[in-house]
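Colleague: I'm new to this one. Can you walk me through it?

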Amino acid sequence: MSLAAPRRRVAVIGTGAIATGSHLPALRAHAERVELVAAVDVDEGRLDAFRKEAGARVAGFTSTQAMLDAVRPDLVLIGTPPALHREQTVAALTSGAWVLCEKPLCLSLAEYDDIAAAEEASGAYASVVFQHRYGSGAVHARDLITRGELGAPLVAHCQTTWHRDADYYAVPWRGRWATEGGGPTMGHGIHQYDLLLHLLGEWEEVRAMAGRLVHDVESEDVSTALVRFRRGTLATVVNSVLSPHEVSRIRIDCSEATLQLTHLYGHGNDDWVYTPAPHVDPGRAALWYTPAADVPSSHTAQLATLLDAFDRGERPPGSGSDARATLEFAAALYKAAFTGQPVRAGEIGPGDPYYAAMHGDHPDWAPKERV
């Protein structure tokens with residue numbers, strides 16, 4: 001009889017809305033597997049409010065390194081602004097802790113490779129929060145596609161059309177390359193096209209356009225892309241914060257059926273629709289519709305998979321080359337949009353300006369000196 005895995009001691013870095021609204025409920029849902037022992041925030045008032053909400057003996061710190069030295073957690077959840085992710089992730093890994101970090105895990109492929117080096121040196125792993133992969137509907141859809149039940153994927157559409165106003169961009173770190181890493185391509189649509197990549201596999205080529213149409217920001221407020229996947233599927237990707245009617249959507253037309261997901265910030269089984277081709281037997285199509293359990297996409301669902309991997313001592317999903325491919329897609333989209341040239345997978349490496357920064361030092365897009 002095998003011994004039960006120990007409860008993992010968890011620390012949270014960044015105690016704002018994402019920590020209270022998503023990470024804390026996930027920790028509570030897995031209370032038999034985790035123990036929240038510490039929280040870090042430079043805002044002591046926010047930190048105190050989080051500790052009170054947590055309802056447990058949670059030690060408070062205003063320094064990440066001080067917390068890591070004092071507590072030595074097993075797992076660190078990071079919910080700070082993007083510019084801090086690389087430094088905090090590397091520090092946690094160096095201390096031996098595993099990491100689950102909000103998207104984007106970092107601001108460039110160069111930063112991602114720094115994190116990979118810290119993983120290699122420590123033996124710990126860093127995952128990025130891509131919770132849309134982990135709902136039962138997404139797991140079921142990927143299984144159907146992988147097993148060929150829907151036929152060959154031929155055409156796909158990925159749409160993140162959201163709306164953000166001037167007040168949203170009044171927050172100092174938003175809309176700036178150095179602090180957010182990009183616009184909706186990095187901060188909003190990344191969830192949806194990560195799910196598209198998760199469903200369809202390796203991408204091969206990207207052509208793209210981007211615009212700064214409404215907001216007074218450094219980065220884009222809309223981007224569009226045409227994508228060719230390794231297996232031949234052709235796809236469109238739209239990332240917008242200019243769209244009054246907000247929707248998140250993926251549609252994949254396969255030779256045997258159309259799969260469509262329509263939601264906004266999270267999905268359940270009922271948000272997935274399968275439409276069989278006319279020649280498909282209805283009895284066969286009836287087996288596609290929904291899995292037995294309905295697990296919504298959520299931080300709770302992703303945390304479960306990470307803890308399972310922790311218990312087995314295996315690399316968790318949403319980490320390593322798997323997560324790097326999504327960040328590489330973002331870099332390729334920016335490079336294709338700003339240069340007007342197609343970009344192929346694997347093209348962006350050390351020495352390429354888009355490896356070091358998503359704006360690629362392009363004269364029309366790189367940050368200007370503030371006077």
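**Overview**

Modeller: Of the 371 residues in the chain, 55% are buried, meaning under 20% relative accessible area with a 1.4 Å probe, protein chains only. This is a predicted model: local features need pLDDT of at least 70, side-chain atom pairs count only at pLDDT 80 or more, and totals for chains, interfaces and linings use all residues. Residues are numbered from 1 along each chain as its sequence is written, and side-chain values use heavy atoms, without hydrogens and water.

Colleague: How does the radius of gyration of the chain fit with a compact globule?

Modeller: The chain has 21 Å, which agrees with the value near 21 Å for a compact globule of 371 residues. That radius is taken over C-alpha atoms, and the globule rule is 2.2 Å times the number of residues to the power 0.38.

Colleague: How many helices and strands are in the chain?

Modeller: The chain has 14 helices and 14 strands. They are DSSP runs numbered from the N terminus: helices are H or I with at least four residues, strands E with at least two.

Colleague: What order do the strands of the six-strand sheet have?

Modeller: The order is β3-β2-β1-β4-β5-β6, in an open sheet with parallel pairing. Two strands pair if DSSP finds at least two bridges between them. β3 (59–61) and β6 (126–128) are at the edges with a single partner strand each, so one side of each has no neighbour in the sheet.

Colleague: And which residue is the bridge partner of V99 in β6?

Modeller: A126. Strand β5 (residues 98–101) runs parallel to β6, and three bridges join them.

Colleague: Where does α6 meet α10?

Modeller: A138, A141, R142 and I145 in α6 meet L195, H198 and L199 in α10. The axes of α6 (residues 136–146) and α10 (residues 190–200) come within 8 Å and cross at roughly 35°.

Conventions. Axes are lines fitted to C-alpha atoms, for helices over the stretch in contact, and angles run from 0 to 180 degrees between N-to-C directions. Contact means heavy atoms within 4.5 Å. Buried means under 20% relative accessible area, exposed over 50%, partly exposed in between (1.4 Å probe, protein chains only).
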